[in-house]
Amino acid sequence: MTALDRMFIISVWFESMVYGINCVLFGVCIYILTNRDKKSHRALFVSCIFHILVATAHNVISLLLSLQGFTNSSITSTPNGSSMYVVAPTRLMLTNLALFVSNVLAQDLLLIWRLYVVWNHNWKFAIPSLIFEAAHIACAIVAVFLIAQPNEHLFSHNVQAFGKASWSLGLFLNTCITFGIAYRLWLAGREVSDLTGRSAYKAAMFTVIESGAIIAGCTLIVFILDVIGSPSGFMTFNVAVQVARPRRLFLSSPVLALA
């Protein structure tokens, strides 16, 4: 078994483990949203369900890739066949990439909507965010499209260029939105504390910062591994799907809904 094979198996194993944690968080999130006094916004329910469905589909496909790549005799009988299969642009791999991009798009749109809401429906924050998001997703779609082409591959120059651009824009956008939401909660908490003597939004603010740090750290690790040309960057992508996007939704939705 090659080092690439071991990295892929470990990444799928970690993905499955974190997926199980996310299932628990999903149940907690739905319970809080359905049992609060104030009616929760429908977008939170739709987003929770959408993200857990995407996370489930991605985990199932990753397991199918493992099963196919390491048990199919026509693949394993070829020298380094399993290693070549797990990075080849198969339908399963491309489907997983498409799920990841759709998950990122839905999550970022939800974050932009939250930024828009906490700043009293001010479009001057939402419009620049939407422009950056369009560029971010466009780079990701182009990268996936190039991977599917017969004259390109996962580690080709063009794919890497658009992939790195997408990771950079995503990291910048999520960091700015997280800061924008946390700063607005801090301002609101300071206004309330002047009247009541306590900070009503401190828990929500720290939860936003904490969940944002999870995404930023995860994205930064994948980006660095990608920049240095390590194949482990693509392998950590499986874990990043479960750690970053659903985790932020499950951590932030209940707190912001109750704030």
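Trainee: Which residues do ring pairs link into a cluster?
Mentor: Ring pairs link Trp119, Phe125, Phe179, Tyr183 and Trp186. Rings of Phe, Tyr and Trp (its six-membered ring) pair if their centres lie within 6.5 Å; planes under 30 degrees apart count as stacked, over 60 as edge-to-face and the rest as tilted. This is a predicted model, where local features need pLDDT of at least 70, side-chain atom pairs count only at pLDDT 80 or more, and totals for chains, interfaces and linings use all residues. Residues are numbered from 1 along each chain as its sequence is written, and side-chain values use heavy atoms, with hydrogens and water left out.

Trainee: What lies over the face of Trp119?
Mentor: Arg184, at 5.4 Å from the ring centre. The rule for a charge over a ring is NZ of Lys or CZ of Arg within 6 Å of the ring centre and within 35 degrees of the ring normal.

Trainee: How many aromatic pairs does the count come to?
Mentor: Nine. In the pair of Phe100 and Trp167, the ring centres are 5.9 Å apart and the planes are at 45°, so this pair is tilted.

Trainee: Where in the chain are Phe100 and Trp167?
Mentor: Phe100 is in helix H5 (residues 91-118) and Trp167 in helix H7 (residues 157-196), 67 residues apart, so to speak distant parts of the chain linked by the pair. Helices are DSSP runs (H or I, at least four residues), numbered from the N terminus.

Trainee: Is Phe100 buried or exposed?
Mentor: Buried, at 12% relative accessibility. Trp167 is buried too, at 17%. Buried means under 20% relative accessible area, exposed over 50%, partly exposed in between (1.4 Å probe, protein chains only).

Terms used: Helices (H or I, at least four residues) and strands (E, at least two) are DSSP runs, numbered from the N terminus.
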